[in-house]
Amino acid sequence: MIRKNETSRIGRFFNVWGSAVAVASATRTGYQPAASDLRALGIDPVQFNAIHRT
């Protein structure tokens with residue numbers, strides 16, 4: 001039987017994984033990732049926007 005905190009930990013893992021996939025996909029296609037996805041990964045959206053990509 002899975003305890004509540006283990007279920008919560010698994011849920012957080014998938015949330016972070018989903019944010020990582022979303023940010024990678026947006027960056028790869030040249031779009032700005034959602035600020036909420038960046039924050040979920042511990043990345044400051046303002047500093048991310050300051051990066052000059054070529």
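Modeller: Before we start, contact here means heavy atoms within 4.5 Å. This is a predicted model, where local features need pLDDT of at least 70, side-chain atom pairs count only at pLDDT 80 or more, and totals for chains, interfaces and linings use all residues. Residues are numbered from 1 along each chain as its sequence is written, and side-chain values use heavy atoms, with hydrogens and water left out.

Colleague: Thanks! Which residues is S19 in contact with, leaving aside its neighbours within four places in sequence?

Modeller: Start with its place: S19 sits in helix α1, residues 4-29. Helices are DSSP runs of H or I with at least four residues, numbered from the N terminus. Setting aside neighbours within four places in sequence, the contacts of S19 are D37, A40 and L41.

Colleague: Is S19 buried or exposed?

Modeller: Buried means under 20% relative accessible area, exposed over 50%, and partly exposed in between, using a 1.4 Å probe and protein chains only. S19 has a relative accessible area of 7%, so it is buried.

Colleague: And what does V21 count as?

Modeller: V21 also has its place in helix α1. Its relative accessibility is 45%, so V21 counts as partly exposed.

Colleague: How many helices are there in the protein?

Modeller: Read along the sequence, the pattern is α-α-α. The protein has zero strands, and its helices number three.

Colleague: What is the mean pLDDT of the protein?

Modeller: pLDDT is the predictor's confidence in each residue, from 0 to 100. In this protein, 93% of residues reach 70 or more, and the mean pLDDT is 90.

Conventions. Helix = DSSP H or I, 4+ residues; strand = E, 2+ residues; numbered from the N terminus.
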